[in-house]
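Me: I would like to go through the charged side chains and the metal site of this protein. Could you take me through them?

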Amino acid sequence: MNKIKVNLDKRSSHSYEIYIGYDILDRIALLIAKSALAANYIIIADTTVSSLYGETVLSALRETGLTVDMIDFPPGEASKTIDTALSLIEQLVDRGVDRSSCLIALGGGVTGDMVGFIASIYMRSIPYIQMPTTLLAQVDSSIGGKTGIDIFKGKNLVGTFCQPKAVYIDLKFLDTLPDVEFTNGLAEIVKYGIIDDPDLLATIESEISNIRKRNIDNLGVIVAQSCKIKKSIVEIDERDMGVRRILNFGHTIGHAIESASGYTISHGNAVSIGMMASARISEKMKYLSMEDREHMENLIQKVGLLNYIPSSIQTDDIMSRMKHDKKKEGHTVHFVLLKKIGVPFINGSVADNIIEDTIGELRQ
Ligand code: ADP
Ligand code: ZN
């Protein structure tokens, strides 16, 4: 089992550990019992995850003598609302959950974000643990303490910063993960390689067929490396005021494409096109070499991520959604661009015509 510590500023948050391994539920249960965080635990999962893993996780935890209960909610981003959160909160009240309790988010990013949000406001905040079951949640959303729900006007517009007490990553959960969800996680891993780690990119490149077959050793390496990159960025900028924004690489245009497609393009594929667009913009603005840009594009193709914008999506639509994105500050859209692979920077002055030309080039 691999152990990575997230060291945070003691004045605001407590540091915590990320544990990674394959088929480690029994050890996770022992670690939770040993940490003596709470008098009782409530697992919150969506119904897909609760029917796949609810009983197994409950019995592993109960085996160590812990008092554990579970509640669930319908799967999918459509559930990440204030209504679901309130309904879960009422169920917590009914079950007598109080400040001596700890929540366990068992599931993907939707579950992790919402459970973190509930934990941060329930009875003025109670502790929570992340037990991510999707690749995306394992390498991205479970680490860093961003919690939130969606509202009609946009995703994650309501939320808090609230760090979990620990993150327990059992790679065995990935055995049942649908391919499309697996690909969402791979896109974020490629992102980490591009913004921070050419060696990680080389590993993805040489091992892609094993990774796609979900070979445990390969997954262990790339998940741990991704967690290390994310945690070191979060350590420097817990509240997303500066360097943490580089994690948004590929997401500015990516989010716009995702929403312009009515969410028929997955997050991972949208981010993949967003990363290609950022590389092309960086090259057009003479920051990035053609070789690096081509290297990135070949890799994205090899990994099997989407590398073009479907013709049904209009350039104007992408442009206007991008300008309304919450990441926009004042009137400028901030892009994460590249000087080379591993060297990103923020640029708030990319001309509209450069973005439009790039979108045009990436059209099918
Ligand atoms: P994400 O992690 O991409 O943010 P979700 O939390 O919505 O998104 O999870 C994506 C989908 O995958 C959901 O329908 C969820 O029920 C399902 N899911 C999560 N973990 C697993 C798993 N280990 N095996 C199978 N399906 C899973
Ligand atoms: Zn993302």
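Reply: One definition is needed at the outset: buried means under 20% relative accessible area, exposed over 50%, and partly exposed in between (1.4 Å probe, protein chains only). This is a predicted model, in which local features need pLDDT of at least 70 and side-chain atom pairs count only at pLDDT 80 or more, while totals for chains, interfaces and linings use all residues. Side-chain values use heavy atoms, without hydrogens and water, residues are numbered from 1 along each chain as its sequence is written, and chains are lettered from A and ligands numbered from 1 in the order in which they are written.

Me: Which residues are the protein donors of the zinc ion (ligand 2)?

Reply: They are E188 (OE), H251 (NE2) and H267 (NE2), lying 1.9 to 2.1 Å from the zinc ion. Donors are N, O and S atoms within 2.8 Å of the metal (3.2 Å for Na, K and Ca); water is not among the atoms, so sites may look incomplete.

Me: What spacing do these donors follow along the chain?

Reply: The spacing is E-x62-H-x15-H. H251 belongs to helix α9 (residues 251-260) and H267 to helix α10 (residues 267-284); this pair, 16 residues apart, links distant parts of the chain. Helices are DSSP runs (H or I, at least four residues), as are strands (E, at least two), numbered from the N terminus.

Me: Are H251 and H267 buried or exposed?

Reply: Both H251 and H267 are buried.

Me: Turning to salt bridges, how many are there?

Reply: The count is 19 salt bridges, where a salt bridge is a side-chain nitrogen of Lys or Arg within 4 Å of a carboxyl oxygen of Asp or Glu.

Me: Which residue does K231 meet in a salt bridge?

Reply: K231 meets E235, at 2.9 Å from N to O. Both lie in helix α8 (residues 216-236), 4 residues apart, about one turn of the helix. K231 is buried, at 14% relative accessible area, whereas E235 is partly exposed at 26%.

Me: And where do R293 and E297 lie?

Reply: R293 and E297 are both in helix α11 (residues 290-303), 4 residues apart, about one turn of the helix. Their side chains form a salt bridge of 3.1 Å, N to O, and both residues are buried.

Me: Which residues are linked in a network of salt bridges?

Reply: The network links E77, K80, D113, D150, K155 and E258.
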